[in-house]
Amino acid sequence: MTTVAVIGLGIMGGPMAANLLTAGLDVVGYNRTREKVDQLVERGGRGADDVADAVRDADIVLTMLPDSPDVEGVVLGEGGVLDSAKAGTLLVDASTIRPDVSVRLAEAARARGMRAVDAPVSGGEAGAVEGTLSIMVGGEPADVEAARPVLEAVGSTVVHVGPAGSGQTVKAANQLIVAGTIELVAEALVFLEAHGVDTEAAIKVLAGGLAGNRILDRKAAGMTAREFTPGFRVDLHHKDLGIVTSAAREAGVAIPVGALVAQLMGSLRAQGHGSLDHSALLLLVEQLSGRRGG
Ligand code: NAP
């Protein structure tokens with residue numbers, strides 16, 4: 001039986017580990033806060049006390065951590081994945097991190113007789129729970145194929161997009177589109193409310209036309225109810241928009257709307273809303289409009 005070590009059992013990693021168990025894999029979990037490990041054990045997984053303990057017998061190591069320094073620490077740090085896993089182990093990093101860091105991790109893994117792919121995901125908490133994530137994978141073709149059974153247990157769209165780091169580049173484009181769309185949906189909702197329109201009816205008809213999109217389908221009802229439990233934290237989307245703006249600058253590509261939304265996300269965070277769902281951009285639109293919000 002394939003043993004998968006899952007490191008980072010948060011909003012995304014927790015349900016992904018649960019889906020790996022459902023697929024019949026042997027799952028060992030490790031998380032900084034122990035409580036989340038205990039939850040995995042209650043579902044039939046095995047718990048580990050540290051990274052080394054988790055990865056020692058693993059065939060595949062799946063990391064789902066917040067940011068580049070977290071992944072670097074867990075993979076490259078003392079007692080980390082590369083120090084502790086056996087030769088041939090495949091690292092599948094599903095976190096959203098900087099593309100250049102993914103390239104460096106893949107090189108470091110190869111130097112230690114291991115393999116690595118970057119496999120960031122889209123689909124949110126609901127996609128993680130339902131096992132329907134869209135996964136953009138960067139790496140060597142043989143390694144991507146080796147990762148596929150695990151990725152198909154947590155996602156329904158798994159696409160190899162190029163060499164190491166490419167998955168992260170595609171994910172950055174994903175985050176650009178999502179942030180821009182949330183901002184426009186937020187502006188439309190505040191606009192509709194200001195005109196006293198029945199927003200529920202408006203969302204229904206908008207979703208059926210050219211303005212239809214997944215943010216309207218999945219987030220608009222929560223936004224009108226001012227329900228901003230994450231989901232996807234503002235802190236994390238702020239991190240992703242930093243990746244997008246610097247990668248665009250490196251490539252010499254202008255992303256004026258993306259740069260503006262990056263500023264708005266940063267402002268929302270600076271106002272103390274970093275732990276809310278990213279759909280809380282609506283609060284900022286309200287505030288800018290002299291309505292409630294903030
Ligand atoms: P999260 O809820 O904060 O989960 C991250 C988990 O990693 C937490 O449980 C945290 O433990 C754990 N952790 C942090 N550092 C660790 C370490 N050194 N060793 C072990 N565990 C550690 O974040 P998330 O929403 O699941 O996001 C994870 C990644 O997926 C991010 O890169 C994010 O951008 C990406 N992503 C998220 C979504 C989404 O909708 N949420 C969608 C697509 C992609 P604690 O319990 O101690 O905090």
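## Ligand surroundings

Around the ligand stand 26 residues, and Asn 31, Thr 33, Lys 36, Arg 233 and Lys 239 come nearest. The model is a predicted one.

Several polar pairs involve oxygen atoms of the ligand. For Arg 32, a polar side-chain atom lies 2.9 Å from a ligand oxygen. Leu 65 uses a polar backbone atom, 3.0 Å from an oxygen atom of the ligand. Gly 10 also takes part through its backbone: an N or O atom there lies 3.4 Å from a ligand oxygen.

## Lys 239

Lys 239 is one of the residues that come nearest to the ligand. Its place is in helix H13, residues 234-251. Is Lys 239 buried or exposed? Its relative accessibility is 13%, so Lys 239 counts as buried; the cut-off for buried is under 20%.

Leaving out residues up to four places away in sequence, Lys 239 touches Pro 66, Asp 67 and Thr 96.

## Strand E5 and its partners

Strand E5 covers residues 90-93 and runs parallel to strand E6, residues 115-118. Four bridges join E5 and E6. Val 92 has Val 117 of E6 as its bridge partner. Asp 93 stands opposite Asp 118, also in E6. E5 pairs with E4 as well, again in the parallel sense and over four bridges. There, Val 61 has Leu 91 of E5 as its bridge partner.

Helix H6, residues 99-111, belongs with these strands: E5, H6 and E6 make a right-handed β-α-β unit. In a regular strand, side chains alternate between the two faces of the sheet. E5 is covered on both faces. Leu 90 and Val 92 are buried on one side, Leu 91 and Asp 93 on the other.

Nonpolar side chains tend to be buried together in soluble globular proteins. The largest nonpolar core here has 32 residues. Which residues have the most contacts inside it? They are Met 16, Leu 20, Val 92 and Ile 135. Strands E1 (3-7), E4 (60-63), E5 and E8 (133-138) each supply at least two residues of this core, as do helices H1 (13-22), H2 (34-42) and H8 (141-154). H8 gives the most, with six residues.

Met 16 touches Leu 62, Met 64, Ala 94, Val 121, Ala 128, Leu 133 and Val 154, with residues up to four places away in sequence not counted. A second core is separate and has 31 residues, including Ile 215, Ala 220, Phe 228 and Ile 243.

## Helix H4

Helix H4 spans residues 68-76 and contains Ser 68. Ser 68, Val 71, Glu 72, Val 74 and Val 75 are buried in this helix. What do the buried residues of H4 pack against? They pack against E1, helix H3 (51-55), E4, helix H5 (81-84), E5 and H6.

Ser 68 has a relative accessibility of 3%, so Ser 68 counts as buried. Not counting residues up to four places away in sequence, Ser 68 touches Ile 97, Arg 98 and Val 101.

## Thr 245

Thr 245 also lies in helix H13.

Neighbours within four places in sequence aside, Thr 245 is in contact with Ile 255, Ala 259 and Ala 262. Thr 245 and Asp 67 are 178 residues apart along the chain, and their C-alpha atoms are separated by 16 Å.

## The loop between H12 and H13

Two backbone details deserve a check in this loop. A cis peptide bond joins Pro 230 and Gly 231, with omega at about 10°. Gly 231 lies in the loop between helix H12 (220-224) and H13.

Arg 226 is found in the loop between H12 and H13 too. Its phi is near 55°, a positive value in a residue other than glycine. At 21% relative accessibility, Arg 226 counts as partly exposed.

Key
Residues are numbered from 1 along each chain as its sequence is written. This is a predicted model: local features need pLDDT of at least 70, side-chain atom pairs count only at pLDDT 80 or more; totals for chains, interfaces and linings use all residues. Side-chain values use heavy atoms; hydrogens and water are left out. Two strands pair if DSSP finds at least two bridges between them. A crossover is right-handed if, with the strands pointing away from the viewer, the path from the first strand over the helix to the second runs clockwise. A nonpolar core is a set of buried Ala, Val, Leu, Ile, Met, Phe, Trp, Tyr and Cys residues joined through side-chain atoms within 4.5 Å. Buried means under 20% relative accessible area, exposed over 50%, partly exposed in between (1.4 Å probe, protein chains only). Contact means heavy atoms within 4.5 Å. A residue is near a molecule or strand if one of its heavy atoms lies within 4 Å of it. A polar contact is a pair of N or O atoms within 3.5 Å; within protein, one must be able to donate a hydrogen and the other to accept it, and residues adjacent in sequence count only if both atoms are side-chain atoms.
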